[in-house]
Amino acid sequence: MHRATRKAVSLALAGMLTLAAAAGCSEKTGPSSASQGSSIPSQSQPQPEEKKVTGKITVYTSEPQDLVTDMLEDFVGKNPGITYELFRSGTGAVISKIDTELETGSTDADIIWFADIGYMNQLDQEGLLRRYTPKGAEKIDPSFNYNDGMAWEVRQIFNIIAVNSLKCDVEIKDWNDLTKPELSGRFAMANPSYSGGAFTTLVGLVGEEGPGWKLYEDMKANDVKFEQSNGNLQTKVASGEYAAVSIVDFMARNAANEGSPVESVWPETGAVMVPTPVAILSTVAEENRAACEAFLDYLLTEDAQKFFVEQGYIPVDPSVGVPEGAPAVADIKTVKLNLQDFTDNSAALRERFASIFGE
């Protein structure tokens, strides 16, 4: 190529680059500089924002009020278009409220979260639960999915034994040790008529792998005491009012981590895994469905699972670890829990318990 020709080409290229640079600069000042008729959007154009979920969720639960409130506050903080209402009581009282409301045609609850898988099964059979698979479900054990999306376990709770190390002068390794004469009047548990966790423990302990009804008969003879809730048990074993209690594991662990002389005993026969799943009612108003689904999605996020660990719970996502003082999940032995008993035999089990201890 002749020198003059090369110079002309160079000048032409330089001119093109100058025009391109000018166009790029003007493009950043506003959308009016975008090419008209182009089917490919400019990279500098703002992308459409993800639609914000809005609505209100009403949660009926038996979970500790402070812990579930902290969780809900974190959820709405991450989802500012959603608000919530909370009704909290013992499982028996929550179920009674739902039943009373259903007699009028519907319940105010959108989400239920408590320890009575049998009652949830009954609601499901009546078409009152809405099946939903939350995001992140693939990370957890399939056994935490009840009835193909009817309800979901979001963290694990186990009923164990806790002792006050300054007051308990009896070696306790298993459930039957709670009937030793030295513990007469000094051992307590939650009342199965009020506490869903205590009733679940009853179902497990009188089942095929537990010590059976004789345990409860012997505890009756040994002057066992009853409290309405695990929260009362935590307070009274920490203070030494009781030498030993049957309690959910996270409360015993939290008491110890707060400095109380409380030690956890994981029974040799096995602890009782207490299902406390979360479910969505089919009666949820259409404008609140997305908010309810977002809450279930949130509970399985890494942030929420880590939050559960901070609260003392063993999570369902094994990748986030376990709380201080908790055993590895693989090391936890549990008695077999026949979930069908909750649906088929709950009334008979409650009647037999009442025949031993009275109403």
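**Pockets, cavities and helix packing in a predicted model**

By class, 14 nonpolar, four polar and four charged residues make up the lining of the largest pocket. The structure is a predicted model. The volume of this largest pocket is about 480 Å³. It is lined by 22 residues, and those closest to its centre are Asp141, Ser143, Phe144, Gln156 and Met273.

Three cavities of 30 Å³ or more are present in the structure. The largest cavity has a volume of about 60 Å³. Its lining is formed by Asn159, Met189, Ala190, Ser195, Gly197, Ala198, Thr201, Tyr216, Asn230 and Ser246. Two elements, strand 9 (187–190) and helix 5, each contribute at least two residues to this lining. Helix 5 has the largest share, with three residues. By class, the lining of the largest cavity holds six polar and four nonpolar residues, and no charged ones.

The second largest cavity has a volume of about 40 Å³. Glu63, Leu67, Val68, Met71, Trp113, Arg155, Phe308, Gln311 and Tyr313 form its lining. At least two of the lining residues come from helix 2, and at least two from helix 10 (302–311). Helix 2 gives the most, with three residues. Six residues of the lining of the second largest cavity are nonpolar, two are charged and one is polar.

Helix 2 also takes part in a helix pair. Helix 2 (residues 65–78) and helix 9 (residues 286–299) have axes that come within 11 Å and cross at roughly 110 degrees. Angles of 65 to 115 degrees count as roughly perpendicular. Helix 2 and helix 9 are therefore roughly perpendicular to each other. Their crossing is right-handed. On the helix 2 side, the contact involves Met71, Leu72, Asp74, Phe75 and Lys78. These residues meet Ala291, Ala294, Phe295, Tyr298 and Leu299 of helix 9. By class, the contact of helix 2 with helix 9 has eight nonpolar and two charged residues, with no polar ones. Met71 belongs to this contact, and Met71 also lines the second largest cavity.

Thr201, Leu202 and Leu205 of helix 5 make the contact with Trp213, Leu215 and Tyr216 of helix 6. Five of the contact residues are nonpolar, one is polar and none is charged. Two residues of this contact, Thr201 and Tyr216, are among those that line the largest cavity.

A further pair is formed by helix 7 and helix 8. Helix 7 (residues 230–239) packs with helix 8 (residues 249–257) at an angle of about 35 degrees, and the axes are 10 Å apart. Helix 7 passes helix 8 in a right-handed crossing. From helix 7, the contact draws on Asn230, Gly231 and Gln234. From helix 8, Met251, Asn254 and Ala255 take part. By class, the contact of helix 7 with helix 8 has four polar and two nonpolar residues, and no charged ones. Asn230 of this contact is also one of the residues that line the largest cavity.

Ala238 lies in helix 7 as well. Leaving aside neighbours within four places in sequence, Ala238 is in contact with Asn164, Ser260, Pro261 and Val262. Ala238 and Glu263 are 25 residues apart along the chain, and their C-alpha atoms are separated by 9.6 Å.

Terms used: Residues are numbered from 1 along each chain as its sequence is written. This is a predicted model: local features need pLDDT of at least 70, side-chain atom pairs count only at pLDDT 80 or more; totals for chains, interfaces and linings use all residues. Side-chain values use heavy atoms; hydrogens and water are left out. On a 1 Å grid over the protein atoms alone, a cavity is a set of points where a 1.4 Å probe fits but cannot get out, and a pocket is an open set with protein on both sides within 12 Å along at least five of seven lines; lining residues have an atom within 4 Å of a point. Grid points are joined across faces, edges and corners, and a volume is the space filled by probe spheres set on the points. Ala, Val, Leu, Ile, Met, Phe, Trp, Tyr, Cys and Pro count as nonpolar, Asp, Glu, Lys and Arg as charged, and the others, Gly among them, as polar. Contact means heavy atoms within 4.5 Å. Helices (H or I, at least four residues) and strands (E, at least two) are DSSP runs, numbered from the N terminus. Axes are lines fitted to C-alpha atoms, for helices over the stretch in contact, and angles run from 0 to 180 degrees between N-to-C directions. Angles under 35 degrees count as roughly parallel, over 145 as roughly antiparallel, 65 to 115 as roughly perpendicular and the rest as oblique. A crossing is left-handed if the near helix is turned anticlockwise from the far one by less than a right angle, and right-handed if clockwise.
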